[in-house]
Amino acid sequence: MEDAGFIIGSYVLTFATVGLMAWRVLRSGRKLADQIPDEEKYWL
Amino acid sequence: MTTIDPARSTREGVHEQPARGGTGTRGTRILGIATIVAMGWLVAFGLGFSPADRDQQESVRILYVHVPTIWIAYLAFTVTAIASGLYLFTKKKSLGWDRLAGASAEVGTVFVAVTLVVGALWGRLTWGVFWQWDARLTTTALLFVTYVGYLAVRRLGGSHEQRARRSAVIGLIAVLEIPLVHWSVRLWRSLHQEATVLDTDGDIDMDGLMLFSLFVGVVAFSLLYAWLVLHRTRVMAMEDLMDDRGLDLALEARRSEGRRSERRTGTPDPRPAGDTIDKDGAR
């Protein structure tokens with residue numbers, strides 16, 4: 001496959017970016033959840 | 001604005017409440033698994049099963065990421081505008097709408113960034129350059145900068161209500177850029193190709209497997225968008241609670257300091273009675 005570096009690179013870049021965002025959101029959620037009582041969490 | 005009794009939080013301590021897995025629920029876990037499966041399908045179809053294009057050759061595979069990310073970004077910014085409107089024009093002024101607007105804009109901005117970078121890689125293969133000051137590229141870059149500005153405004157100081165009000169106004173104005181971006185290829189002479197799927201004549205001139213790969217991409221990024229927005233909205237709710245709690249604790253500390261000073265000197269606190277800080281941080 002010609003230009004494979006660009007094509008695979010674009011997929012890797014996309015998944016790395018959204019993966020990083022997902023990880024940051026989950027991590028901040030876990031950190032904050034430790035400090036907030038369950039009754040304040042409307043989703044539980 | 002939800003408040004926490006500062007006396008209770010001081011007495012009980014913040015770590016005594018057991019945490020139950022952050023912002024996740026059964027629903028978000030199912031959504032997360034569905035997203036991962038859909039992304040796997042996108043890789044399989046985008047990089048494997050779909051054929052090469054007659055003109056673009058293999059570089060067409062980049063478009064299965066490039067196109068869905070900008071479409072979902074349009075959706076995200078539209079959700080931001082609707083939630084902003086619901087905050088501004090409903091009587092209740094629920095901060096939940098503001099948080100939905102903010103979370104959706106964050107995800108949309110990341111998706112536009114992905115669109116721009118991946119589009120530059122596609123441009124290098126197809127046009128021979130990473131960037132051109134072409135109408136579509138320039139308006140998309142402008143859209144990105146506008147929403148970075150929107151997110152910056154959300155981080156300015158003030159109460160949650162002040163944040164919600166000013167960002168809602170920007171959210172309603174910024175969404176007007178989307179039609180400009182979409183129709184820029186028709187309004188101006190453009191290097192960028194015109195719409196293939198979202199065309200006004202409704203005729204989709206595309207191979208079936210290519211169209212299906214694009215559809216898989218749209219489904220995958222829609223699921224990811226929903227999952228991210230759900231989690232981010234919950235994180236924002238907790239951040240707001242922590243802000244309120246910090247302010248409550250600061251107020252309680254100041255009152256205690258005043259009472260101690262009163263007991264020590266036998267005279268009332270010299271500060272005028274009106275010299276207090278309200279919940280918006282104003283004197």
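Mentor: Helices are DSSP runs (H or I, at least four residues), numbered from the N terminus. Here, B:Phe77, B:Thr80, B:Ala81, B:Ser84, B:Gly85, B:Tyr87 and B:Leu88 in helix 3 of chain B meet residues of helix 6 of chain B, including B:Ala164 and B:Gly171. This is a predicted model, where local features need pLDDT of at least 70, side-chain atom pairs count only at pLDDT 80 or more, and totals for chains, interfaces and linings use all residues. Residues are numbered from 1 along each chain as its sequence is written, with chains lettered from A and ligands numbered from 1 in the order in which they are written.

Trainee: How many residues of chain B are in contact with chain A?

Mentor: On chain B there are 34, and they touch 30 residues of chain A. Helix 8 of chain B gives the largest share of chain B's side, 11 residues.

Trainee: Which residues of helix 1 of chain A are buried?

Mentor: Buried means that 20 or more other C-beta atoms, placed from the backbone, lie within 10 Å of the residue's own. In helix 1 of chain A, that goes for A:Ile7, A:Ser10, A:Thr14, A:Val18, A:Val25, A:Leu32 and A:Ala33. These buried residues pack against helix 3, helix 4 and helix 8 of chain B.

Trainee: And what does helix 1 of chain A span?

Mentor: The expected span is 1.5 Å times one less than the number of residues. Helix 1 of chain A has 30 residues and reaches 43 Å from first C-alpha to last, close to the expected 44 Å.

Conventions. Contact = placed C-beta atoms within 7 Å. Helix = DSSP H or I, 4+ residues; strand = E, 2+ residues; numbered from the N terminus. Buried ≥ 20, exposed ≤ 12 C-beta atoms within 10 Å, placed from the backbone.
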